[in-house]
Amino acid sequence: MNLDYSGDIMTLNMGPQHPSMHGVLRLELKTDGEVVVEAIPHIGYLHRCFEKHAENIEYPGVVPFTDRMDYVAAMNMELGYVLAVEKLMGIQVNDRVRYIRIIMAELNRIASHLVAAGTYGLDLGSWTPFLHCFRDREKILDFFEETCGARLLYNYNWIGGLMFDLPEGLERRIIEFLDYFEPLVEDLNRLLSYNYIFIKRTASVGIIPPEVAVSYGITGPNLRGSGIKFDVRRNEPYLGYEEFDFEVPVGKGEFGPVGSCYDRYMVRIWEVLQSCRIIRQAIAKLPPGDVHATIPKRVKPPVGEVYMRTECPRGELGYYIVSDGTSKPYRVKVKSPCFTVMSGFREYSRGAMIADIVAIVGSVDIVLVELDR
Amino acid sequence: MESIRDLLELIPYTTALPVWVQAILPPAVSAVILFLFVAVLAMFAIWLERKVAAHMQDRLGPMYVGGWHGWAQSIADTIKLLLKEDIVPAAADKALFKAAPAIVFIPSFAAFVVLPFGISSIVADLNIGVLYLFAVASLTVVGILMAGWASNNKYSLFGGMRSAAQIVSYEIPAALSVMPVIIIVGSLSMQQIVRAQTGGIQNWFVFRNPFTFLAFFLYFICSLAEVNRTPFDIPEAESELVAGYHTEYSGMRFAFFFLAEYSNMFLVAGIATTLFLGGWSQVLPAQWVPKQLIPGPILFFLKALSLVFVQIWLRWTLPRLRVDQLMYLCWKVMLPLALVLVLGAGLLAVW
Amino acid sequence: MTRYLKDLWYGWTTTWHSMWITIRHLFRPNKGYTIQYPTVKAPLPERARMRLFNRIEDCIGCGQCARACPTDCIDIQTEKRGKDEPPVFASDGTPIKLRTFVFDIDMTLCCYCALCTFPCPTHCLVMTKEYEYAVYDKRDHIYHFAVDKPRYASPAEKEQPAAKA
């Protein structure tokens with residue numbers, strides 16, 4: 001798009017109170033008519049000092065706080081923290097704990113991607129997919145509620161184990177749910193993903209070329225949308241992900257350049273199906289065991305530091321924990337996937353239109369709570 | 001209006017009234033009837049939209065107010081809106097801000113004058129009915145632009161500008177897509193157009209020839225754009241522009257915008273019914289059922305409502321277009337198609 | 001030109017595909033995804049974590065819950081029961097050596113993580129299934145579970161008899 005403008009530039013403040021800013025993101029748009037010359041994101045409206053909080057709470061007490069960083073995928077957030085502390089303490093959990101953690105993390109990934117896809121439709125003006133996605137997400141949340149008693153903020157993964165074992169017969173119901181859910185993905189595709197207007201709105205918008213994605217450190221579905229096959233679950237397996245047979249979908253650029261909003265969206269849809277595959281395999285292999293067996297009485301890691309990265313639905317989530325040998329962490333640093341995506345926003349939103357800005361913000365699927373922490 | 005005049009003559013002592021009152025009474029009465037009709041219709045359409053949307057999304061929609069499936073929900077909402085505080089932003093252009101809702105509503109109300117609900121139920125059968133419709137309906141854009149400008153809000157301004165561009169553009173293919181019908185009928189009077197379609201479904205202009213068949217779809221799509229419905233609802237795109245030109249409005253003025261939107265929906269559905277679906281004429285062919293079984297107004301109403309349903313259906317299915325794509329669709333798809341249709345229909349009429 | 005026509009065709013067909021799905025949902029019998037909340041309530045699973053409740057007669061006042069709480073929403077104040085008082089036991093037989101005269105839970109601070117319920121030695125602190133407890137005053141969300149009065153009015157007074165003995 002030609003950016004030679006001669007008219008006056010109007011500053012339009014989009015957010016923090018805006019229906020499609022996914023929280024409280026504020027975008028300062030310099031607009032020339034409908035064309036956005038520059039979009040400057042302002043973050044920090046939801047800063048709640050998680051890292052400072054964590055320094056004053058004992059190790060197990062941090063877990064509920066990690067839930068609140070990304071309320072859409074809380075299981076994955078706490079999983080990263082718990083794995084980091086276990087790595088620091090050298091705890092080896094048994095197979096049942098591992099598999100249940102994988103099942104829960106992948107279920108939550110499905111739920112999170114459903115929210116992403118649904119709200120993306122909402123951003124583009126299509127209401128029905130949003131509610132169809134939430135209908136199925138509710139069923140997943142029901143499983144979580146049955147397992148640990150909470151629907152959104154679970155505190156389910158504990159250091160060295162799990163809060164509860166799976167309730168009676170949940171495995172069977174999860175399989176039933178997957179049987180019901182997998183055909184519905186095709187329904188969602190026909191309703192939204194393959195819709196011509198949707199493709200037109202997304203397929204050549206907000207392009208993140210691979211080299212830009214790498215240079216900004218963009219991770220997760222946003223990176224894979226740019227055509228780079230990188231998934232922490234595959235490239236640096238944790239929790240025994242190497243035992244599972246799944247594919248890492250990448251953006252193909254079917255209707256436009258690779259790395260567009262459409263690619264990022266479709267990667268999420270495909271990932272949902274891959275997560276279904278992983279859950280089926282994990283349930284088939286689920287061994288018996290005691291989920292409380294390795295929970296330490298007192299969590300007092302030795303002096304040292306650890307970095308653990310996991311693949312949360314929004315990308316690579318890293319926890320850097322420094323321990324001074326007491327029962328409270330000396331320092332907890334979070335490498336947030338949303339923050340890295342947002343850092344490049346100015347780059348890949350240049351020259352878009354106002355409607356495209358909404359589409360781009362929706363397609364990178366940020367959760368502001370995690371971005372600001 | 002003639003039938004209303006006849007009815008009024010039945011009331012005793014009307015002849016004793018002053019002459020100017022006698023002259024003004026029939027139009028006034030028909031205006032009141034029409035207004036009530038439009039208001040009730042809009043409330044019904046809102047309720048219908050909410051229920052249809054809910055069931056498409058596996059929800060239930062309003063269920064409590066009034067008992068049966070929340071039928072009184074929109075009445076309750078209207079009362080709530082009327083009782084709310086009327087806020088005028090401090091920085092707004094007060095006069096324009098207050099006038100805009102009326103200017104949006106009046107054209108859509110005025111356009112109802114020429115809608116033929118039945119053989120005799122029409123307020124005024126103008127001989128330039130279709131022209132009048134298009135002229136009056138295009139006035140709505142002035143009100144929307146006023147609302148967008150006067151609110152002194154950047155989102156409202158964007159909404160107003162988008163709406164102006166959109167309505168002005170889409171009027172051209174909309175007017176052109178009506179041409180095939182007018183070429184066949186040879187009259188702009190709405191009643192004459194309906195009369196040309198009496199005698200059953202095969203005489204409706206939708207099924208008359210391929211050009212009018214396509215023209216119906218073309219007109220329907222353009223009318224969606226003219227009343228700012230999804231997928232062309234970019235002026236009030238709530239995920240982009242909060243609420244577009246009526247962002248700053250509340251209470252009764254907001255209710256007027258809403259009323260205008262839903263009466264406009266019914267209006268364009270009514271126009272499409274009149275022009276293409278035979279208006280008040282019967283559905284079954286006259287060879288089989290020589291006498292019209294269902295009264296004309298009810299038939300008209302049902303046909304128009306089914307089109308309103310399609311509008312609702314589309315709204316809850318499709319995403320929204322972008323501004324430039326909207327213009328692309330108008331100028332590069334709709335307009336050539338409309339010109340081809342006019343040409344084809346003209347050639348067919350000559351031949 | 002072919003691309004133009006192909007685009008038109010694709011737009012037209014995919015629109016119909018989408019519309020077919022929505023109309024199918026419209027005429028599908030309602031499968032009961034929605035619960036008419038105030039009249040019908042969703043069944044809660046066994047492990048649902050809602051409002052905290054403390055059976056104070058079983059509480060030994062050990063304060064482990066308060067230590068586990070990441071948001072410090074539990075306030076416990078205890079004193080030693082006097083030697084002259086009759087011994088009290090919790091329902092599972094644990095002797096209660098401390099008199100809990102303050103056991104306040106501030107539910108506005110609670111983050112429903114249930115970390116407090118697990119260390120409880122007598123299992124007297126539980127999360128109930130009660131979730132409708134909105135109040136008009138924020139202070140009404142502080143639940144006072146303790147029933148006992150302290151024997152001594154102030155810590156200073158408490159020390160005096162101790163010194164005497």
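I took accessible areas from the Shrake-Rupley method with a 1.4 Å probe, and for residues only the protein chains shown count as cover. On that basis chain B exposes about 14,700 Å², with carbon and sulfur atoms supplying 75% of it.

A note on conventions: this is a predicted model, where local features need pLDDT of at least 70 and side-chain atom pairs count only at pLDDT 80 or more, while totals for chains, interfaces and linings use all residues. Residues are numbered from 1 along each chain as its sequence is written, chains are lettered from A and ligands numbered from 1 in written order, and side-chain values use heavy atoms, leaving out hydrogens and water.

Next I turned to ring pairs. I paired rings of Phe, Tyr and Trp (its six-membered ring) with centres within 6.5 Å, calling planes under 30 degrees apart stacked, over 60 edge-to-face and the rest tilted. I found 50 aromatic pairs over all chains. The ring centres of A:Y120 and A:Y265 are 5.8 Å apart with planes at 35°, so I logged this pair as tilted.

I then checked burial (buried is under 20% relative accessible area, exposed over 50%, partly exposed in between; 1.4 Å probe, protein chains only). A:Y120 is buried at 1% relative accessibility, and A:Y265 is buried at 2%.

I also looked at A:F255 and C:Y10, a stacked pair at 6.4 Å centre to centre and 25° between the planes. A:F255 is partly exposed at 38%, and C:Y10 is partly exposed at 29%.
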